Amino acid sequence: MTDFDPQPPRTAGGLATVAAVVGVGLAGIGGTVAGGLAALGLPLLVLGAFGGRREAVSVGGLLVVGGAILGGVFGAPVPTVVAASAAAFVAWDVAEHGVGLGEQVGSDAHTRNAVVVHAAGSVLVAAVTTFVAVLVFTVGPSGRPLTALVLLLLGAVVIAVALTE
Amino acid sequence: MTVRRTYRWRGVTAITFLAVAAGVLTNQPAALLVGVVGVAYAAYARQSDPPEPDLAVERTISDTTPALGDEVTVTVTVKNNGGFLPDLRLVDGVPDALEVEERSPRFATALRAGKSASFSYTLTAERGRHAFDPLTVLIRDGSSALERERTQSIDTPIECTPRLADIGSFPLRASTVRRVGTVPTNEAGSGVEFHAVRDYRPGDPLSRVDWRRLARTGELSTVEFRREHAATVVAVVDTREPCHTRCPDDQPVIDYAVQAAGGVVAARLDEGDRAGIAAFGPHWEWTAPSIGRDHRERVRRSLALDTGYAPHPPDRRFLSGLVFRRLRKHLPANAQVVWCSPLLDDDVVDFLRHLEARGHAVTVVSPDPTRRETPGQRLASIERTLRIRDLRRAGIRVVDWDVADSLPVTLAGARRGWRQ
């Protein structure tokens, strides 16, 4: 007899761990403080992803993104910071999706396809975004990149808020 | 079909703001660009509705009429007739009374248009008719921001009607019924067992005259044999509330009582008796004593499928006086009663004494569900033993059945006791 076991699938935990390690590694390039903050999030995210703890996953993901932002504040190179944050988003997305799968279908069920397809979608978004952002930054208006980007991004943020409401 | 938001992307806007604020305040483009990633994910979460699904779900069962304890493989196949579904989750409604033996009745996958996927799991068959609960289908979009849920009923019941248990033979009490059969009586008549020799009376059949005695002494005398009769037997399964407990092996004690009742009916039908069954509990069931192959099949189906014999506790109030009167009214005169009960309350002793007093010879087959680990369990066990002693004093036969042994073995032991 098999009881229902609401654990997330291991595939999701594994993929999330890989993404989180990449994120923490990239954030670490931005300095000890940034890397340290991100590294704090890693165990939380991994434990949450394998143990089915949604809060742990969220806090862990937030710490890794925070580490990436901090790295950016301390002047880390643009591509690593953007890639670190994108990896953190992927890690959180896959882990949280895995926790949801665990709650709804459990660890005994066959879930690999669902996990892999979801992760692929998330990675695609991350890759395209990182590529476009870095591209805009490097080949964009070289005169006053920052001001232009601020305006550009503020507009984008407003759109984002309008969209998610 | 319901559509709901999962709200899992709630925090993404806040992170975006945080990144932008950090970037602007420190004049660092890198931090600012993290905001771009946040915006991208916010848009991703917003991007799509979960596609309107067009699914064909099928459930196939390896054997819809399995034998008791058989493994039944259930396979659920889902075919996607609509567009691409990135996240499809299925939760099958396993019947309450059945346990999943292997693998999981749940499944998650991504399914392209026109493709189908399937999963299977195994159940262990239990006595009774088991309907599946509706199957739940959950569909999410790529970002999991929205979730559609719907349920689908697929009517594929599993029906498990075990054979009546083979317990060899089941001895009845000596009785006074007047139909020829196999139950020995203390009356003289035709039969096979010697009873007495008496003076010849005109009209006695010539084959019964003791010719040797005539040759020896010149007196006419007639040999009499012990007369044997067919009995009418009703096996009553006690299904009242206190009888819904589990044996140490975790089987419902009702299952053992039903097994005993079926075995008794089968054994007595084999001997040529009329046999019937009844459920004495909130759900009254009655199959009148009869004979024949069809009747045997009717008893088997009734014991397996009727609510009255179901192993889950009844959802109705039990009106003991009413049901007992109904039982007395239904019992044919002189019918013997085989009462299958764990004997876990005192009322049952009164019922049985009543039946015995009204001329129904009662035999009790009592599967023993008591354990002896805690003081409470030991007390219940002692109370049950005292009840058995009371019944025996009232002239009622009791077969105390430790369910770790088989019923035929227990019966053989009990029979030795009755002979003495």
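A salt bridge is a side-chain nitrogen of Lys or Arg within 4 Å of a carboxyl oxygen of Asp or Glu. Keep that rule in mind for this predicted model. Arg8(B) meets the rule with Asp93(A), where the closest N and O atoms are 2.8 Å apart.

Arg8(B) has another partner. It also forms a salt bridge with Glu96(A), and here the closest N and O atoms are 2.5 Å apart. Where do Arg8(B) and Glu96(A) lie? Arg8(B) is in the loop between β1 (2-5) and α1 of chain B. Glu96(A) is in helix α4 (residues 78-105) of chain A, so the pair joins two chains. In general, side chains of opposite charge can pair when their charged atoms come close. Across the interface of chain B and chain A, the rule finds two salt bridges. Over all chains, the count comes to 27.

Now step back to the whole interface. Chain B brings 54 residues to the contact, and chain A brings 52 residues. How much area is buried between chain B and chain A? The figure is about 4,500 Å². Carbon and sulfur atoms give 73% of it.

Between chain B and chain A, 11 residue pairs are in polar contact, with both residues at pLDDT 80 or more. Which elements of chain B give two or more residues to the side that touches chain A? They are the helices α1 (12-26) and α2 (29-47), plus the strands β4 (85-93), β5 (99-102), β6 (106-111) and β9 (133-140). Of these, α2(B) gives the most, with 17 residues. By type, this side of chain B divides into 32 nonpolar, 12 polar and 10 charged residues.

Finally, look inside chain A. Which residues make the contact? From α1(A) they include Gly13(A), Ala16(A), Ala20(A) and Val24(A). From α2(A) they include Ala38(A), Leu42(A), Leu45(A) and Phe50(A). The residues of this contact of α1(A) with α2(A) divide into 13 nonpolar, five polar and one charged.

Notes: Residues are numbered from 1 along each chain as its sequence is written. Chains are lettered from A and ligands numbered from 1 in the order in which they are written. This is a predicted model: local features need pLDDT of at least 70, side-chain atom pairs count only at pLDDT 80 or more; totals for chains, interfaces and linings use all residues. Side-chain values use heavy atoms; hydrogens and water are left out. Contact means heavy atoms within 4.5 Å. Helices (H or I, at least four residues) and strands (E, at least two) are DSSP runs, numbered from the N terminus. Ala, Val, Leu, Ile, Met, Phe, Trp, Tyr, Cys and Pro count as nonpolar, Asp, Glu, Lys and Arg as charged, and the others, Gly among them, as polar. Buried area is the accessible area (1.4 Å probe) that two parts lose on being put together, summed over both. A polar contact is a pair of N or O atoms within 3.5 Å; within protein, one must be able to donate a hydrogen and the other to accept it, and residues adjacent in sequence count only if both atoms are side-chain atoms.
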